Amino acid sequence: MPGARRRRAFQCHAWLANERIAIGTSNSRILITAGSHVNQVIPVGPARNLQPNCSIMVIRSTMKGFIAAGQYGTVDMYDRSVDPNTKEDMYMSSLQGADVRFEVAMPAYHHGPVTGMDVCTRKPILVTTSSDRSIRIWNYATGECELCKHFPEEASSVAIHPSGLYVLVGFGDKLRLMNVLIDDFRLFKEFPIRSCRECCFSNGGHVFAAAHGNMIQLYSVWTFENYGNLKGHNGKVRSLHWTPDDAVLVSAGSDGAVYSWIVRDLKRDGESIHKNCSYTSAVCTPDGKSIYAVGSDRLLKEITESAISCQLDSTEVLTQLAISNSGRMMFAGTAKGALRSMKYPLTGEAEDFQQHQVHSAGVSRFRVSCDDTMLFSAGEDGTVYLFKVMDRSERGIKKERAGALFSDEILITKSDLEEKTVVMAELRRSLEELKLEHEYQLRLKDMNFNEKLKELTEKYSQEIEALKIGTSVLRAEKEKEEVKQEEQVQSMKTGHMNELHDIEARYNTELMEEYEKFQALQTKSGSMQEQWQRQMKEYDSMTQRSLAQSQKDAEERLAFKQTEISKLNELMAAQTAESTEIAAQNAQDIDHEITLLHGRYERRLRAERDEGARLKGENGIMRKKFNTLNKDIEDNRTEAVRMREDEKKLRAVITMLEKEIAGFKKEMGERDELIQDKERRVYELKKKNQELEKYKFVMDYQIKELKEQVEPRENEITVMTEQISSQTNPRTRNRITPHQTLFHKAGLRVQPRPSSHRQSNPESFPHLTRARCGLHPGPSAAAQKRARARGRILYWRRSRGDGRRVKERTGGGGCEGGVRAADRSAIGGDTGIAAYCGGEDGHVSDGWDIKYGG
C-alpha cells in the first residue's frame, strides 16, 4: 500500500462485502483491498479506450458488487464472483459488450447561481437563467422542465412576454429577443445593449425596458424602435417594475436613487435619493401611489410622493421584494436565503413578519403569479422554490382564481411544420405498409400455428393413450404390492408384541433383584453409622486426657527456662563490661588509622577537586554550546511557526486579492465595453474632424494665395511711402541707422516694416536701437544651418541666459527666401542674438514680435 500511494493519488473509496474496500485512483485503476493487502487491480481506462489518466471520482457499493463513475462521464458496474482457481472473491465488469440504456430519473436543475427569473401571464410557465449558461422553462402546474437550452455564454437577465411566446435575454455582447418554439429558442432580433442586468416586458406586452449601464432604454415590441431613453441614474440600474396600467416605470440603482418615470412623456415623476444605500429591488403598489425599496442599509422603505413615509429595520440585508397583484400581500428575501411574509400594509413594527429559511445563499429573484396563488423564489445556490400563497381573508380571490384560464398555444416555424407534415405523411404511409405486412404475416403465422396445433394434438392424444395403459398396469401392480405390504406389517406386529412381553418379564425380574440389594445396603449403612458414633465418643475422652498431660509438662519446662534466663543475664553483664573495654581500645586504634586515612584521602580529594573543576569548566562550555544550539533550534521553530502563520495570512490575502482581481476584471470588462462605445464615438468625431481639417486646409491655401497676391502691393506701397517721406524730410533723406550699417556689413539690405506694424508694436523697426542682447550664448551653428535651410526666424530667450529657443517663424516679415545669415558677429558675437536674421533676397527681419525689448 505505501508503494501504491506513492505511484498514484487516491480519489474515493467504498466498503464492500466480506470486509473489502474498493479504492479509486487518479490513473484509471480500482484497487480491491483486504486489510493492508491489494487483492485485485481493475484497469478502467484501457478497457473503454479512454484517456490514459481518467480519475475515478465516485464509487458506491451495491448488493452484488459496486458502481464506479469516471472523470469523463463514464459509469462501470462490477459484480462479485468466485475465482475457480484461488477460491477468492473477484469483481468483473457486468457491462462489457452490453447495450445499456439509462432512463432519466429526475429533471436536471441549475448548477450555478440563478441570475434571472420571470413568470408568464397567460401560461403556467416560469423562465430562469443561471451562470451554468442555460435557459430553462418550467411548468409550475406540473412541476416539470419543458424546455432547456445551453448557450456559449452566460445570460445575466431574462424576461418573458405575457403571451409566453417570446423571451428577452441579456448576454454579455447583446440583448436578444428569441421566439419560444416547441423544443428550441430561436433568435429573432438583437439589440446593441451589453451586459444587460435588468429587463422586463410591460404588462400589456407592447413595450419592454432594458437597463444599459445607468440608462434605461424603452423599445417597442412590434416595431423594435428605441423610442425613448430614461437618464438620471449615476450608477447601475438594479431593478425595474411596471405599474399594472403600464403608465409608470419604477427603477432603482446602486447609486441610492429610486425614480418613477411617466413612460408616455419620458419624464421623471418622482425621486428618492440616499447615496449611502445601494438599492437592489423596488416595487410599487397596484395603484402606483407608494413605492417600496430595499438595499444594503437593511431598511425597508416606503416612499410616497418622493418622501420616505415609513421605514423598518430588518436586522438583515433584504435583497428582493414582491407585492401581490391584488395589493394585499408583500414578500421579502434576505441575503442569507430566508423568505419573509410581511404584514401589509406596514405597521411600523420591525418584527411584524413570518420568516422561513429556504435557500442556502442569498435570494436573487422574486416573482408572484398573475392570480396571486404562487410565489417563486430563486437563489444564488442555484435552486428555484415554488410556494402556494393562501390569503387568510380569501376576499376576491375565488373570483380571480375561477377566471384564471391558461392558454396552450405554441410557436413553430413554417419549415419545421412542413417538415413535420412530410414526416407524418411518410409515417402514415409506412404505417399502412406495416399494417398490410403485419396482417399478411399474421395470416401466415395463424396457418403455421394451426398445422402445428394439429400435429401436437395428434401427438399428445397418442401419448395420452399410452400413458393410460401404463397407468392401469401400474395400478394393478400397486394393488398387489399393497396386499403384500399388509401381510408383512401384520407379521411384524405379532413379532413385536411377543418380543415386548418377553422384555417386560425380564425387566420385572431384574427390578426385584435390585430392590433386594437396596434393602441390604440400607441395613449395612445403619450399623456403620452406630459404630462411627461410638468411636467418636472414645476419641473425645482420649483427647481430654492428653491435653491435661501436655499442660503439666509445659509448666515444668517454663520454670526450667526462667532459671536459665537469670544465669544468662549475669553472663551477659560480664561480657558487656569486657566488650566496653575492648571497644575503647579499638576506638583509639581507629582514630589513629582515621587520621592517616584522612590525610591520604585529603590529598586524593584535592586532586579529584582540581580534576572536577577542569571538567566543570569543560562541561560549562559544552552546556553553553548546547544551550546556544537549543536556543537556535527554538528560534528556528518559532521562525518556522511565524513563517507558517505568515504563509496562511498571505494565502488568505492572495485569496482575497484573487477575488478582488476577479471583481476588478469584471468591472474592467464593463468599463472596456463603455470605453469601446466612447472610442467608437471618438472615432466618429475624429472622422468629422478630419473632414473639417481638409476643409480648413483648403481655406488656408486660398488665404495664403490671397496673401501672396496682396503682399507685393503692400511692399511697393511701403517703399513708395518711405521714399516720399525721405524726399519730404531732408534730415532723414540720407540717414542710415546703425543697425542698417551692421547688416550692410554682412551684405544684406535692410527693408523696414510697414507703418501699421510699427505702430502696433513699439519694438518694431524704428525702435530697433533699443533692443539689447542678453548674457546668454547665441544660436548654435546647427541652428543657424537649419535656419538658412528652412527659411525660419529663430527667437531666443535672453532673460535667463540659457540659450533656449522660444519661438520660430517660417518665412514672411522680410525673409521670403531661405535664411542666409544672421549678423552674429556684428550684433554681439557669442553674447547672443535677440531675434534678427537675414534672407538670401537681401531683406532683413527685425523680429518685432519679440517682447523683450529694453
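Me: What should I know before I start?
Reply: The model is predicted, so to speak of local features pLDDT must be at least 70, and side-chain atom pairs count only at pLDDT 80 or more, while totals for chains, interfaces and linings use all residues. Residues are numbered from 1 along each chain as its sequence is written, and side-chain values use heavy atoms, with hydrogens and water left out.

Me: How do I read a pocket, and what volume does the largest pocket have?
Reply: Rolling a probe the size of a water molecule over the atoms shows where empty space is left. A pocket is an open set of points on a 1 Å grid over the protein atoms alone, where a 1.4 Å probe fits, with protein on both sides within 12 Å along at least five of seven lines. Its volume is the space filled by probe spheres set on the points, which are joined across faces, edges and corners. Here the largest pocket has about 1,800 Å³.

Me: Which residues lie nearest the centre of the largest pocket?
Reply: Lining residues have an atom within 4 Å of a point. There are 49 of them here, and Ser195, Arg197, Lys236, Arg238 and Glu670 lie nearest the centre.

Me: Which element gives the most to the lining of the largest pocket?
Reply: Elements are DSSP runs numbered from the N terminus: helices are H or I with at least four residues, strands E with at least two. Helix α3 gives the most, with 13 residues. Among the other elements that each supply at least two are β9 (114–119), β18 (207–212) and β33 (363–368).

Me: How does the lining of the largest pocket divide by residue type?
Reply: Ala, Val, Leu, Ile, Met, Phe, Trp, Tyr, Cys and Pro count as nonpolar; Asp, Glu, Lys and Arg as charged; the others, Gly among them, as polar. The lining has 20 charged, 18 polar and 11 nonpolar residues.

Me: How many salt bridges does the structure hold?
Reply: A salt bridge is a side-chain nitrogen of Lys or Arg within 4 Å of a carboxyl oxygen of Asp or Glu. The structure holds 24. Take Asp416 and Arg186: their closest N and O atoms are 3.6 Å apart. This pair links distant parts of the chain, with Asp416 in helix α3 and Arg186 in strand β16 (residues 185–191), 230 residues apart.

Me: Are Asp416 and Arg186 buried, partly exposed or exposed?
Reply: Buried means under 20% relative accessible area, exposed over 50%, partly exposed in between (1.4 Å probe, protein chains only). Asp416 is partly exposed because its relative accessibility is 21%. Arg186, at 32%, is partly exposed too.

Me: Where do Arg637 and Glu634 lie?
Reply: Both are in helix α3, 3 residues apart, about one turn of the helix. Arg637 is exposed at 54%. Glu634 is partly exposed at 42%. Elsewhere, salt bridges that share partners join Glu153, Asp173, Lys174, Arg176 and Glu190 into one network.

Me: Which residues form a nonpolar patch on the surface?
Reply: Patches are made of residues with over 30% relative accessible area and no salt bridge; like charges are joined within 9 Å, nonpolar side chains (Val, Leu, Ile, Met, Phe, Trp, Tyr) within 5 Å. Here Ile182, Ile410, Ile412 and Leu417 form one, with about 350 Å² of accessible area together. Such areas come from the Shrake-Rupley method with a 1.4 Å probe; for residues, only the protein chains shown count as cover. Ile410 sits in the loop between α2 (397–403) and α3 (414–728).

Me: Which peptide bond is cis?
Reply: Look at omega: the bond from Tyr344 to Pro345 is cis, with omega near 0°. Pro345 is in the loop between β31 (338–342) and β32 (353–357).

Me: What is phi of Asp246?
Reply: Phi is near 60°, a positive value in a residue other than glycine. Asp246 lies in the loop between β21 and β22 (248–253). Asp246 counts as buried because its relative accessibility is 12%. Thr315 also has positive phi, near 65°, and is found in the loop between β28 (307–313) and β29.
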